[in-house]
Amino acid sequence: MRSALAAMRPPAPRHPLASQEGRPKALNALGTLAYHPALTEAFNTFNGHILFASSLSPRERELVVLRVACLRRCDYEWAQHTVLAHDAGLTVDEIKRVVVGGEADGWSELEQALLRAVDELVEEATLSDQTWSTLTRAFDEKQMLDLVFTVGAYDALAMAFRSFDVAIDPDLADHELRVPREP
């Protein structure tokens, strides 16, 4: 598992690696993934790119991941990524608005399109012409690829976490533990 965990650190990170001191350790997820170290190492290489080398900003990435967690009702993913979302500068109110999606008041045009993109990719596995057009006014092809693959990676993780009934770790007790349901 050491090599599987080390695979998460890309050779040329674009985004800083967070200090691990006092942070949630994701032990329940790691414990589940430990049953298949080869798969975990391969996935961590991919996820390391998404977390640390993506052309999306950390804020954009966390909006996307939280929306996937919300749509998939994946409490574990939601709890872990509320921590990362706070690190990326999202406020508590913004995190709560992710539940409503791109139609909520207060998002920029790009943020609305990002949230709409998650909805479309999860539901239809493609982007509408309108969403594509809005996103490509701001994003280049690398960013579009990172967006689609971020949705796919966290959709796959949500499936795994829910299928294996991965419990929320005790060190997440002070965070938003469950995906808020729409009002």
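The model is predicted, so local features need pLDDT of at least 70 and side-chain atom pairs count only at pLDDT 80 or more, while totals for chains, interfaces and linings use all residues. Residues are numbered from 1 along each chain as its sequence is written, and side-chain values use heavy atoms, with hydrogens and water left out.

**Overall fold**
- The protein chain has nine helices and zero strands, where helices (H or I, at least four residues) and strands (E, at least two) are DSSP runs numbered from the N terminus.
- The radius of gyration, taken over C-alpha atoms, is 16 Å, close to the 16 Å that the globule rule gives for 183 residues, so the chain is as compact as a globular protein of that length. That rule is 2.2 Å times the number of residues to the power 0.38.
- Along its principal axes, the C-alpha trace spans about 45 × 35 × 30 Å.

**Second largest pocket**
- Its volume is about 250 Å³, meaning the space filled by probe spheres set on grid points joined across faces, edges and corners.
- A pocket is an open set of points on a 1 Å grid over the protein atoms alone where a 1.4 Å probe fits, with protein on both sides within 12 Å along at least five of seven lines.
- Lining residues (an atom within 4 Å of a point) include Tyr-35, His-36, Phe-43 and Phe-164.
- Helix 2 (27-33), helix 3 (37-53) and helix 9 (141-163) each give two or more residues to this lining.

**Salt bridges**
- With a side-chain nitrogen of Lys or Arg within 4 Å of a carboxyl oxygen of Asp or Glu as the rule, the count comes to six salt bridges.
- One of them joins Arg-59 and Glu-94, whose closest N and O atoms are 2.7 Å apart.
- This pair links distant parts of the chain, with Arg-59 in helix 4 (residues 58-71) and Glu-94 in helix 6 (residues 92-97), 35 residues apart.
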